[in-house]
Protein chains: 2
Amino acid sequence: MMDETLKDLEKRWRKSVLPLAVLAVLGKGPSHGYGLAVALREVLGAATPEGTLYPLLNGFERDGLAVAEWTIPESGPARKTYALTAEGRAVLSEASAQWSQMSLNLGKLLS
Amino acid sequence: MMDETLKDLEKRWRKSVLPLAVLAVLGKGPSHGYGLAVALREVLGAATPEGTLYPLLNGFERDGLAVAEWTIPESGPARKTYALTAEGRAVLSEASAQWSQMSLNLGKLLS
DNA sequence: TTACATACCTCGATTTTCGAGGTATGTAAA
DNA sequence: TTTACATACCTCGAAAATCGAGGTATGTAA
């Protein structure tokens with residue numbers, strides 16, 4: 001199969017906005033995968049597939065943008081909690097500026 | 001090689017915003033590939049590789065969102081000019097609404 | 001005649017996505 | 001008690017998407 005539908009633009013752009021959205025949520029404070037998934041649903045308006053989210057989180061850790069720590073809640077399964085590093089905050093700040101500019105440009109075009 | 005850098009978020013989101021940006025530019029009036037590339041550079045802040053743009057345009061045509069027509073300018077090479085169809089405009093309008101919502105949410109998170 | 005801007009295209013290696021599957025804990029209903 | 005569901009993590013691999021490199025061609029200007 002291939003390509004199939006370009007009509008679903010929404011699904012298209014939601015993809016690559018994900019990394020920025022995750023970093024943005026983490027910018028508000030440490031969180032774990034599942035919690036992030038819930039928060040992202042609010043922001044992006046649709047569920048983020050786990051097959052995308054977890055590998056992405058591991059990538060952030062591998063690249064030094066976030067550090068992970070296992071935490072045991074009073075009840076329920078263990079959580080892997082992620083917190084931004086200084087580098088992660090720097091990357092977020094940079095990306096945020098670029099995003100704002102682009103978002104403004106596109107917004108003007110769409111109106 | 002693989003993944004390498006998650007640090008380049010900008011490059012990440014620029015990718016999937018492309019289809020929406022193209023439709024948005026086309027929403028302002030018919031245009032051709034090269035002209036689109038120039039306009040997109042303004043909006044997105046970076047050049048769009050031709051290997052991405054042309055196949056995308058063909059996809060829009062294939063999916064009925066745009067119709068293409070060869071036009072011969074007074075001077076220079078022939079141009080393949082794309083114009084949105086009614087369906088293309090409908091898809092754009094829908095995507096635009098969803099984009100605005102998401103953009104607002106993310107903006108709040110980033111500020 | 002060399003160079004560059006315009007203008008289009010395809011191939012295919014690399015990269016990215018995400019559905020499906022798996023493991024495990026705690027709670028609440030049947 | 002056993003079934004179900006929410007929480008919580010993960011990997012595999014088929015499918016999809018990206019984009020550099022290569023190709024063709026026109027017109028202008030050095």
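## Chain A from end to end

Start at the N terminus of chain A and the elements come in the order α-β-α-α-β-β-α. That tallies to four helices and three strands. Bear in mind that this is a predicted model.

As for dimensions, the C-alpha trace of chain A spans about 50 × 35 × 25 Å along its principal axes. Of the 111 residues in chain A, 33% are buried. Looking at contacts in chain A with a separation of 6 or more, 43% of them are between residues 24 or more positions apart.

## The sheet, seen in chain B

Let's switch to chain B for the strands. Three of them make an open sheet, ordered β1-β3-β2, with antiparallel pairing. The edges belong to β1 (31-32) and β2 (66-71) of chain B, each of which pairs on one side only. In general, strands of a sheet pair through backbone hydrogen bonds, in either a parallel or an antiparallel way.

β1(B) is joined to β3 (residues 79-84) of chain B by two bridges, and this pair runs antiparallel. Here Ser31(B) sits opposite Tyr82(B) of β3(B). Helix α1 (residues 9-27) of chain B packs on the sheet and touches β1, β2 and β3 of chain B. And how is that helix angled? The direction of α1 in chain B makes about 85° with that of β3(B).

## How the two copies are related

Any two copies of a chain are related by a rotation about an axis and a shift along it.

## What makes up the contact

Chain A puts 38 residues into the contact, and chain B puts in 38 residues as well. On the side of chain A that touches chain B, at least two residues come from each of α1 (9-27), α2 (33-44), α3 (50-62) and α4 (86-110) of chain A.

Methods
Residues are numbered from 1 along each chain as its sequence is written. Chains are lettered from A and ligands numbered from 1 in the order in which they are written. This is a predicted model: local features need pLDDT of at least 70, side-chain atom pairs count only at pLDDT 80 or more; totals for chains, interfaces and linings use all residues. Two strands pair if DSSP finds at least two bridges between them. Two residues are in contact if their C-beta atoms, placed from the backbone, lie within 7 Å. Axes are lines fitted to C-alpha atoms, for helices over the stretch in contact, and angles run from 0 to 180 degrees between N-to-C directions. A residue is buried if 20 or more other C-beta atoms lie within 10 Å of its own, exposed if 12 or fewer, and partly exposed in between; C-beta atoms are placed from the backbone.
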